[in-house]
Amino acid sequence: MARKRRLPERIRAHGSGFRAVVTVLGRRVYSPTFETIEKAEEWRDSIARQRAPAGAPLTLDDGLDLLLDDLRDSNAAEGTRQFYDRAHLELCYVFDGATPLDRIDGAAIRLYIERRQREGVALQTIVRKELGTLRRIIRLAMATGRLGRDPMQGVKMPRVRTGRFEVITAEQMDAVLAKVRAQNQDHADIIELAWRTGLRLSEISRIHHEDVDIANRRLFVRGKTNDRYRPIATALVPVLERMMARAISQPTLVSSVKKIEKVFYFWKKKLGLQAFSTHVLRHGFVSDLLNQGAPPPVVASLVGHTSLRQLPRYYHASDPALIAAADALGQGQQRPTPPPSGGTSKGRRGRGS
């Protein structure tokens, strides 16, 4: 019998990978799960390096450095690091970067929310993106021993409800693309690429010429959490060929994220659409495939979800699917009712037989 391999100090097996565990301020803190023992050890050692002498003030800028170091140790995608970097800049519009984290209390949070709302920023963006980043910085600072207490403990955040929208069906998209194509083929190709792939805004902006393999019908996607290959639909081949021909002098098929946003905003206003963005088309992509019976793991792989738990948030059941489900109630074959407990059935012997 083979002996079980002994793991290094403070390294634990977790699923198919490994994670480190450290004790900070009497609390056990676990690392993300890594593929190898060496990466888990690097995270453990980085936590030890990040600890500062007791009493050293940790500023908002220091907290960002701490967060970015942790993301690098966790092999987070570049897009994730850029997300938190932008959120930090937005926090610094109100808080000074040199502000000690332990001084950001409930009163400061309320003033922050009021000021950002006066500037026209949506409450959902303030709470989930900006203050969510601040919350993550504070938790990481406490986990590494750089912050002794949670200054946001007991702070009640405003309740934010997720906005609802109707996804755009395939029939509606055909009509939209026909109108756009009649006036601007470049814009139509950008919109059709988003619709037929379900890619994120940042993923579309990072498609390089060498990422498109028409011969083998494969597209390399630089994802938010994972890079991946995905198939190219037949209808998408001429779209990609036109985009590559137009963008011959630039490295990517679309010049920037801002251009994609401008294209969708322009046609949203021009066509009078209530909601029209790459994210709306991503929801429609997932919903359309699931309504057609595509297996959830396949759909999750196409859109780059690392867990099936993310998929239900992107699924919007169509009216025919809802009607069919409602009509199916009581129409299926019922399972036979099992005999009551303690009763006799054919072939069952009594205790004394």
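Two strands are taken to pair if DSSP finds at least two bridges between them. Strands (E, at least two residues) and helices (H or I, at least four) are DSSP runs, numbered from the N terminus. The structure is a predicted model: local features need pLDDT of at least 70, side-chain atom pairs count only at pLDDT 80 or more, and totals for chains, interfaces and linings use all residues. Residues are numbered from 1 along each chain as its sequence is written, and side-chain values use heavy atoms, with hydrogens and water left out.

An open sheet of 3 strands runs in the order 4-5-6, with antiparallel pairing. Strand 4 (212-213) and strand 6 (228-231) each have a single partner strand and stand at the edges, so one side of each lacks a neighbour in the sheet. Strand 4 is joined to strand 5 by 2 bridges. Here V212 faces L219, and D213 has R218 as its bridge partner. Strands 5 and 6 are antiparallel and share 4 bridges. R218 stands opposite P231 of strand 6.

Side chains alternate along strand 5. L219 and V221 point to one face and are buried (under 20% relative accessible area; exposed is over 50%, partly exposed in between; 1.4 Å probe, protein chains only).

A nonpolar core is a set of buried Ala, Val, Leu, Ile, Met, Phe, Trp, Tyr and Cys residues joined through side-chain atoms within 4.5 Å. The largest such core has 33 residues, of which M173, I191, F264, F276 and L281 touch the most other members. Two or more residues each come from helix 6 (170-183), helix 7 (185-197), strand 5 (218-221), helix 9 (237-246), helix 10 (257-271) and helix 11 (278-291). Helix 7 gives the largest share, 6 residues. Beyond its neighbours within four places in sequence, I191 is in contact (heavy atoms within 4.5 Å) with M173, L177, V180, V263, F264, W267, F276 and L281. Another core, of 29 residues, lies apart from the largest one and includes L60, L67, I113 and I138.

The axes of helix 3 (residues 78-92) and helix 5 (residues 123-143) come within 9 Å and cross at roughly 100 degrees. Axes are lines fitted to C-alpha atoms, for helices over the stretch in contact; angles run from 0 to 180 degrees between N-to-C directions. Helix 3 is therefore roughly perpendicular to helix 5 (65 to 115 degrees). Helix 3 contributes F83, Y84, A87, E90 and L91 to the contact, and helix 5 contributes K129, E130, L131, T133, L134 and R136.

Terms used
Parallel < 35°, antiparallel > 145°, perpendicular 65-115°, else oblique.
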